[in-house]
Amino acid sequence: MNIVVCVKQVPDTATERKLRSDDKTLDRDAADGVINELCEYAVEEALRLKEAHGGEVTVLTMGPDKASDTIRKALAMGADKAVHLVDDALHGSDALGTSYALAQTLKKIGFDLVVLGSESTDARTGVLAAMLAERLGVPQLTFANKVEIDGGSIAVQRVTDYGYDRVEASLPAVVSVVEKINEPRYPSFKGIMAAKKKSVEKLGVADAEIDASQVGLANSWSEVTDFAAAPPRAAGTIVKDEGDGGVKAADFLASKKFV
Amino acid sequence: MSEILVLVEHVEGQVKKVTLELLTLARKLGVPSAVWAGPGYSPEAKAKLAEYGAEKIYVADSADVNDYVVAPKAELLAQLVSEKSPAAVLVAATAEAKEIAGRLAIKIDSGVLTDAVGIEESLVADQSIFGGGVNVRSRVTKGTPIVAVRPNSTPVEAAAGAGAEEQVSVTVSDAAKAARIVERVKQEKGARPELTEAAIVVSGGRGVGSAENFSIIEKLADSLGAAVGASRAATDAGWYPHQFQVGQTGKTVSPQLYIAAGISGAIQHRAGMQTAKTIVAVNKDPEAPIFELADFGVVGDLNQVVPQLTEEVAKRK
Ligand SMILES: Cc1cc2nc3c(=O)[nH]c(=O)nc-3n(C[C@H](O)[C@H](O)[C@H](O)COP(=O)(O)OP(=O)(O)OC[C@H]3O[C@@H](n4cnc5c(N)ncnc54)[C@H](O)[C@@H]3O)c2cc1C
Ligand SMILES: Nc1ncnc2c1ncn2[C@@H]1O[C@H](COP(=O)(O)O)[C@@H](O)[C@H]1O
């Protein structure tokens, strides 16, 4: 089975994240780049499926040169090889542009299963997997907390507000995973060493047959008009519990008309 | 004025509050038309939608629309967009409705904005990003704007609309039938409001100490008519189900009141609750970062403070 796992580099949430003042895109230099956490779960799930059913796991990342660190991390976890879609023309692509560029690349490299995280910590749109399914014309099995494959059939549990839906489809398909699906492994020393020798194919816009007029900031379907730091919250009242902390909290709630 | 399509969120035939918020918002932008997808449509639902300003209600209540993941609903909306040429399409910023919006955007070649907390008449949307740290204004530059709006970001206001019903027949394409829902498993959550919709959320973290002890969080929630949330430390420990996790990799909530008990206030937790209007924290550590956000904080043991608060709330009702 040919599994492609889409992995994104995001700014570390523990550092301060900023938008650039010139073009209002994410300032990727201001913060350390790390693998998007949900993508680690996606890599883990891809590896487990490969271990159970055989095949190969390819990492696919669209991002600047710096994103190669994230690719190495996924390779160190055990993925077999990687494709790095990197081109200045892609800078500032919105969800529509990103999904188009990734879909073109996926068509080029081929896949039986595409695995994504259900959301990224920077964009937080949570729409990419659905968009890929739409663009590729394959089943959408998103927000999965369990994935089962049997020959050409795939079944997932799709997390919902009320519990979950059991969803069935046939391969090829797009899957996105939620946090509790598995416990991502740590790369071993051996894995880290092996990753250095694995193939990372760099593709530009032309290589992946991406129409440059459909990607990049200038061609986005939406734009940021302006932005500002959120005003800090006013300092609150903090009291020490002297046996009446609950009563004081109730007084506060009453003053705000919550009780 | 032009039509604004509002995709209705409903459970068991009941219109969810966020839809009333969207209708209220849509009245500012144009003339709201509600779109009902899936079974459960009823005279009560119709009355509710009309009460909050739906001039038209498009009903596509065939089972087909509901039996497959996301795609049929995107097809339905795409069909309506091409027939009615609305000025915008509004959906709730729930996981599923955002996916519908995403697929719709591709079908109609239009921009989509997710997690808006407000929309101006010019269709510029306000978004709060990086865990509430930055406020952004953005707009769609191509096609019919599609905006996913966060629950609890607009106060609801009734204003009657005609509620003229129009049956829509959709033929769901084979491509949209690729992922079939074979079973819906409902996990009991009792009578509490839904986490993202609730006006009040009471959350517990590692400080709660055990699954059993979450009952003190639930009791406070019930006394306030609130939903229960949990930090990742609590869901990781298996004390509370994952779907109640608040934060970066859980739900984002924007309630009127958020009460955090035994939660330190890590940045990833704050990402999911920072836009709450009022925040109350109970934590035994005076240095806990949650106090930086709190409008009111009690430094103390939650095992004492929370039950006392529950009792006081009950007394004052
Ligand atoms: C990529 C990523 C994503 C994440 N996503 C999320 C997310 O979605 N949601 C989330 O919540 N976290 C998330 N986290 C985890 C987050 O960093 C914190 O680890 C987590 O929020 C801590 O939960 P906590 O506050 O309950 O536990 P702790 O940080 O351990 O805090 C427990 C608090 O309880 C207090 N306490 C203990 N006993 C008592 C008592 N008897 N009475 C009163 N107070 C008491 C302590 O003083 C302490 O402040 C994420 C982390 C990463 C790296
Ligand atoms: N630039 C990218 N390169 C590869 N995968 C991506 C990229 N952006 C998003 N993804 C995938 O899409 C998922 C959801 O991201 P998002 O829709 O941005 O919240 C991520 O977890 C990744 O799996």
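Helix axes here are lines fitted to C-alpha atoms over the stretch in contact, and angles run from 0 to 180 degrees between N-to-C directions. Helices (H or I, at least four residues) and strands (E, at least two) are DSSP runs, numbered from the N terminus.

The model is predicted: local features need pLDDT of at least 70, side-chain atom pairs count only at pLDDT 80 or more, and totals for chains, interfaces and linings use all residues. Residues are numbered from 1 along each chain as its sequence is written, chains are lettered from A and ligands numbered from 1 in the order in which they are written, and side-chain values use heavy atoms, with hydrogens and water left out.

Start with chain A as a whole. Chain A has 6 helices and 13 strands. Its C-alpha atoms fill a box of roughly 65 × 45 × 40 Å along the principal axes. Of its 259 residues, 52% are buried. Buried means under 20% relative accessible area, exposed means over 50%, and partly exposed lies in between (1.4 Å probe, protein chains only). A contact means heavy atoms within 4.5 Å. Among chain A contacts between residues at least 6 apart in sequence, 72% join residues at least 24 apart.

Now look at a helix pair in chain A. Helix α3 of chain A spans residues 95-109 and helix α4 of chain A spans residues 128-136. Their axes come within 9 Å and cross at roughly 50°. The two helices, α3(A) and α4(A), are therefore oblique to each other. Angles under 35 degrees count as roughly parallel, over 145 as roughly antiparallel, 65 to 115 as roughly perpendicular, and the rest as oblique. The crossing of α3(A) and α4(A) is right-handed. A crossing is right-handed if the near helix is turned clockwise from the far one by less than a right angle, and left-handed if anticlockwise.

Which residues of α4(A) meet α3(A)? They are A:Leu128, A:Met131, A:Leu132, A:Arg135 and A:Leu136. The α3(A) side includes A:Leu96, A:Tyr100, A:Leu102 and A:Leu106. By class, the residues of the contact of α3(A) with α4(A) divide into 10 nonpolar, 2 polar and 2 charged. Ala, Val, Leu, Ile, Met, Phe, Trp, Tyr, Cys and Pro count as nonpolar, Asp, Glu, Lys and Arg as charged, and the others, Gly among them, as polar.

The crossing of α4(A) and α4(B) is right-handed. From α4(A) come A:Ala130, A:Met131, A:Ala133, A:Glu134 and A:Arg135. They meet B:Glu99, B:Gly102, B:Arg103, B:Ala105, B:Ile106 and B:Lys107 in α4(B). The contact of α4(A) with α4(B) has 5 nonpolar, 1 polar and 5 charged residues.

Move on to helix α6 (residues 245-255) of chain A. Its buried residues are A:Gly245, A:Gly246, A:Ala249, A:Ala250, A:Phe252 and A:Leu253. They cover an arc of only 160° around the axis, which puts them on the same side of α6(A). The arc is that of the directions from the helix axis to the C-beta atoms. What covers these residues? Elements of chain B are included: α5 (214-224), β15 (257-261), β16 (278-283), β17 (296-299) and α9 (302-316). Just after α6(A), A:Lys257 takes a positive phi of about 65°.

Two of those covering elements, α5(B) and α9(B), also pack together. Their axes come within 9 Å and cross at roughly 25°. That makes α5(B) roughly parallel to α9(B). The crossing of α5(B) and α9(B) is left-handed. The residues of this contact divide into 8 nonpolar, 3 polar and 1 charged.

Finally, some backbone details. Most residues other than glycine have a negative phi, and most peptide bonds are trans. A:Phe143, in strand β7 (residues 140-150) of chain A, has a positive phi near 55°. At 14% relative accessibility, A:Phe143 counts as buried. B:Glu12 has a positive phi of about 45°, yet B:Glu12 is exposed, with a relative accessible area of 70%. B:Glu12 sits in the loop between β2 (10-11) and β3 (14-15) of chain B. A cis peptide bond joins A:Leu171 and A:Pro172, with omega about 0°. A:Pro172 is in the loop between β9 (163-170) and β10 (173-177) of chain A.
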